[in-house]
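User: I'd like to learn how to read helix packing and chain contacts in a model. Could you walk me through it with an example?

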Amino acid sequence: MLSYFGTENDEYLQRRCRSLNCCCEKFDRTIHYVSPSHGGWGVVRIAALLPESHQLFVSPFACGRHGALGGALNGIKDRISYLYIDESDIVSGNYENLIFEAVDELFVSIPKKPKVLLLFVSCLDDLLGTDHVSLNRRLAEKHSDVKFITCHMNPIKLDTDFPPGITLQNNIYSLLEKSEEEIDTINLIGNNVPISEKCELFEMLRNSNFALKHLTDFSTFSEFQSMGKSKLNLVLSPVANYAAQTMEKKLGIKSLSAYCTYDLEEIEAFYENLSLILRIEIKYQDYARIAEEAIRNARKEIGEKPIAIDYQAVKKPFTLARMLLKYGFNVSLIMTDTVKNLEREAYDDIVNNYPKVEIFNAIHYNMSIRKEKEFADRYLCIGFDCAYFTSSRKIVNIADDEGLFGYYGVVEMMRMMVEANRSEVDLQKMIEGAKLII
Amino acid sequence: MSKLCISLPPFAPDYSGAASALFEMGGLVVIHDASGCTGNYTGFDEPRWFGSNSLVFCSGLRHMDSILGNDDKFVRMIVEAAEEFQPKFIAILGSPVPMVIGTDFKGIAMEIEAETGIPTMGIATNGLNYYGAGIGSATIELLKMFVKEKKPTVSNSINIVGMTPLDFHVNYNKEDFVELFENAGISVRSCYSMGSNLESIQNSTESALNVVVSQAGIGIAEYLKKKFDIPYVAITPLGDGELALNRVKAAFSDQENTYVPRVENADTLIVGEQIIGNSLREYLQEKCHYGAIEVATLFDVSEQWQSRGDIAVKDETHLRQILNGGKYRTVIGDPMIKQLIRDKKVNFYEFSHVALSGKLHWNENKRLLSNETQEWLEKIN
């Protein structure tokens, strides 16, 4: 998970929380608890979205275990290989020469030579000063039919402006070539799972002769290049902002923030902005009415049941919480590891106006002590991290807003909340089914 | 394992082994890493993690901290948590980045111990060694810290050593092993790495014999032999358990009972962990009248337990060469090994191992003392 704040943020959070007597110290830096429900796509699964690519991790063997097993769980292990380095390779500087030999051996060993080789290095590389530009150039000279790009699986930089999630998005889209041709397509970037085509966005844009493109639409690297001809990038996650900026500079593609939200006003503002940028008329009012009705119906059905929300389920937990609170839902618990800049307003609103809402740092060491007896079945949980902590069986099975967007996303979230409130599930099986990678 | 690895996953590393060995001991364990190393352990190498309240944490090491050598922050965070939990001990484990920056784990441990008054150990695991090395070093540190003197020996008593979830999962193998010996009138004082606590480890010096059931236990048994003069045998109970019981009884009566396997012209290969592999071979040959078998060890190897023809696998390329050299018509190993075999006529028998395939196959781990496993062994041809 990305942290958008450094020390300044910790101080900010402490100040905010102390004044309101809510778990202030929990956002301070502590040793981290890694719950069994912690994880997501990991860099391997996201990188595997790039068609006709292969990943070669160059690292001590241990660094690759979670990615390899996570890759196997998700059916992509055949596109991930490893070059293990040991202490003598690091000390002797033989590391770079080993890569040349390994790439040759890899290309004759795998069934099909990739169009792109993603050379992943781990935290260690940040301390070694490897000349990746020269390395990739030399590799490209030898294998002119393959593009080589260095990627970083370096959580050691999670507190910087360039954590692995952000650099990976940039690496993927930096492979797009500039084209003089511009077509009436719009890219969706930053989301791993494509938005459901049931979302009104597809129909609205189709009515104005725009088509949407997503990384998962392509099975070949050359087809993927068509994203470089698009008119606009809709940036669905903050992790893709940097990639969008690079694409604007290199390819001239403008971008618009479109982070998934369940706040009706924010959705409306997004459609108004989109309408202005594309100079088209977007009629969203009917969808807005349907979404609001879905919220009111869900509130009626769910009643006063306490609700918990976690940061792995949705990108903007405070914004979702604020929306639900405004409509009278009993949001009682929010679990997150940070408050992102884009959520400061929602966070302040909740802290100032809803003092009964508890805010827990999901990775604080105290979270290792589950409140099984205290919390058992008390909450309707949005996300399995809060479900694990509270031992809940009423769980909305959602991670990272997958597939949701716009008014459709609101309606779908309400449907899932109602369904979760009516049924009970086996959390362990749900987590296993999510095939999480750290 | 070294160099290019195309198909197999990296195996469980030393810090997973160390954390696993200390899991049930009531300590506070901190892996000094950014997040991925702890994620390896909690996500893929620790079958007991779900629902557990064990105190295993990640230090959340960051770039500037490693460049500046900001160990004070690390110490402060651990002291803060330790003051709240009041654990029986604290263990700090290393990972690749601390290895490169030369983190002084012993020094940090001394500082934490001075501040908290809680016994603290620093173990410089580095992600370049296998899980067995971590299990060995963590357990020996624990013994050095808490077991100073030998208690009077209780006859007919044993410790089971090397009973690790990374080798045996948590599917009743530990309970079955203990029951096998207890039912035969042999008292099990302690079961190292699973089903123990600090008290039982402290009582383990009462035992007359250590029964090492996996290679991860060899170093521990050697330490106990040297320090407390407790001898050991190395065998994993399988099938009806008779061979393991006979080995232990022979050791109690000082009889020679070492097994010399048939390896001449072997066309069967067991790929996996050394002591379990040796025990599978012995069972197949002694109880199922099987012919010559060789054992190829993927993880750490103890030379004294290798037979002629046995192989210490260097890397995946080496393993491919072994498996595809045309020598073996039958292979027993983790399901992930099968993909390396080109000849589809080779008989492959699945025997999953947590330190290789982790959660992918750990639910398929065999219950070794069971009719089902006995039947499985009898069908191998």
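Predicted model: local features only at pLDDT ≥ 70, side-chain atom pairs only at ≥ 80, totals over all residues.

User: At what angle do helix H3 of chain A and helix H2 of chain B pack, and how far apart are their axes?

Analyst: To read a helix pair, look at the angle and the distance between the two axes. Here H3 (residues 65–73) of chain A packs against H2 (residues 36–45) of chain B at about 45°, with the axes 8 Å apart. Angles under 35 degrees count as roughly parallel and 65 to 115 as roughly perpendicular. H3(A) and H2(B) are therefore oblique to each other.

User: Which residues meet between H3(A) and H2(B)?

Analyst: From H3(A) come A:Arg65, A:His66, A:Leu69, A:Gly70 and A:Leu73, and they meet B:Gly36, B:Asn40, B:Phe44 and B:Asp45 of H2(B).

User: How many residues does each chain bring to the whole contact, and what area is buried between chain A and chain B?

Analyst: Start with the residue counts, then turn to the area. Chain A gives 59 residues and chain B gives 67. About 5,400 Å² is buried between the two chains, and carbon and sulfur atoms give 66% of that area. On the chain A side, A:Arg29, A:Phe61 and A:Arg65 lose the most area to chain B, together 16% of what that side buries.

User: Which parts of chain A does the salt bridge of A:Lys113 and A:Asp145 tie together?

Analyst: Look first at the distance, then at where each partner sits. The N to O distance for A:Lys113 and A:Asp145 is 3.1 Å. A:Lys113 is in the loop between helix H5 (95–109) and strand S3 (116–122) of chain A, while A:Asp145 is in the loop between helix H6 (132–142) and strand S4 (147–153) of chain A, so the pair ties together parts 32 residues apart in sequence.

User: Back to helices: at what angle do H12 and H17 of chain A pack?

Analyst: H12 (residues 285–302) and H17 (residues 406–422) of chain A pack at about 15°, with their axes 8 Å apart. H12(A) and H17(A) are therefore roughly parallel to each other, and their crossing is left-handed. The contact between H12(A) and H17(A) divides into 14 nonpolar, 1 polar and 2 charged residues.

User: Is the crossing of H8(A) and H11(A) left-handed or right-handed?

Analyst: Take the angle before the hand. The axes of H8 (residues 200–207) and H11 (residues 264–278) of chain A cross at roughly 25° and come within 13 Å. The crossing of H8(A) and H11(A) is right-handed. A:Glu200, A:Leu201, A:Met204 and A:Leu205 of H8(A) make the contact with A:Phe270, A:Tyr271, A:Leu274 and A:Leu278 of H11(A).

How values were computed:
Residues numbered from 1 in each chain as written. Chains lettered and ligands numbered in written order. Heavy atoms only, no water. Axes fitted to C-alpha atoms, helices over the stretch in contact; angles between N-to-C directions. Helix = DSSP H or I, 4+ residues; strand = E, 2+ residues; numbered from the N terminus. Parallel < 35°, antiparallel > 145°, perpendicular 65-115°, else oblique. Left-handed = near helix turned anticlockwise from the far one by under 90°. Nonpolar A, V, L, I, M, F, W, Y, C, P; charged D, E, K, R; others polar. Contact = heavy atoms within 4.5 Å. Buried area = accessible area lost by both parts, 1.4 Å probe. Salt bridge = Lys/Arg side-chain N within 4 Å of Asp/Glu carboxyl O.
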